[in-house]
Amino acid sequence: MLEWTQAGDGARLMMLVLHDDAKREYAYGPASGLPDTHVGTFSNELLLEATKNAWIVISMKNDWKRIYSFDQ
């Protein structure tokens, strides 16, 4: 889907959310050394592809101040 989006004309936004905040939400990988779970997958290959194509990878742990509305 991101490859298709990137191929279009005009302004485009290609981003992925890395679920890496086990304390506030959930963490899964195996990219970035995170656990490889049955709940979700963010593979090392996907991370390499994102880096190669300059896609934005958003870290829930480092980039989000709040995840849920009840978070302080």
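1. Helices, taken here as DSSP runs of H or I with at least four residues, and strands, taken as E runs of at least two, are numbered from the N terminus. On that basis the elements of the chain in this predicted model follow the order α-β-α-β-α from the N terminus on, and the secondary structure amounts to three helices and two strands.

2. As to overall dimensions, the C-alpha trace spans about 40 × 25 × 20 Å along its principal axes. The chain has 72 residues, of which 35% are buried, and its accessible surface is about 5300 Å², with 56% of that belonging to carbon and sulfur atoms. Where contacts between residues at least 6 apart in sequence are concerned, 45% of them join residues at least 24 apart.

3. Strand E2, which covers residues 56-59, includes Ile56, and Ser59 is also placed in strand E2. Ile56 has a relative accessible area of 43% and is therefore partly exposed, whereas Ser59, with a relative accessible area of 9%, is buried.

4. Ile56 also takes part in a nonpolar surface patch of about 280 Å², to which Leu13 and Met15 contribute as well.

5. The surroundings of Ser59 deserve a separate look. Its side chain makes a polar contact of 2.6 Å with the side chain of Asp20, and a polar atom of the Ser59 side chain lies 2.9 Å from the backbone nitrogen of Asn62.

6. Two aromatic pairs are present in the structure. In the pair formed by Tyr26 and Tyr28, the ring centres are 6.1 Å apart and the planes stand at 50°, so this pair is classed as tilted. Tyr26 is partly exposed, at a relative accessible area of 34%, while Tyr28 counts as buried because its relative accessibility is 16%, and the cut-off for buried is under 20%.

7. The pair of Tyr68 and Phe70 has ring centres 5.3 Å apart and planes at 5°, and it is therefore stacked. Tyr68, at 36% relative accessibility, counts as partly exposed, whereas Phe70 is exposed, with a relative accessible area of 61%, exposed being the term for values over 50%.

Conventions. Residues are numbered from 1 along each chain as its sequence is written. This is a predicted model: local features need pLDDT of at least 70, side-chain atom pairs count only at pLDDT 80 or more; totals for chains, interfaces and linings use all residues. Side-chain values use heavy atoms; hydrogens and water are left out. Patches are made of residues with over 30% relative accessible area and no salt bridge: like charges are joined within 9 Å, nonpolar side chains (Val, Leu, Ile, Met, Phe, Trp, Tyr) within 5 Å. Accessible areas come from the Shrake-Rupley method with a 1.4 Å probe; for residues, only the protein chains shown count as cover. A salt bridge is a side-chain nitrogen of Lys or Arg within 4 Å of a carboxyl oxygen of Asp or Glu. Buried means under 20% relative accessible area, exposed over 50%, partly exposed in between (1.4 Å probe, protein chains only). A polar contact is a pair of N or O atoms within 3.5 Å; within protein, one must be able to donate a hydrogen and the other to accept it, and residues adjacent in sequence count only if both atoms are side-chain atoms. Rings of Phe, Tyr and Trp (its six-membered ring) pair if their centres lie within 6.5 Å; planes under 30 degrees apart count as stacked, over 60 as edge-to-face and the rest as tilted. Contact means heavy atoms within 4.5 Å.
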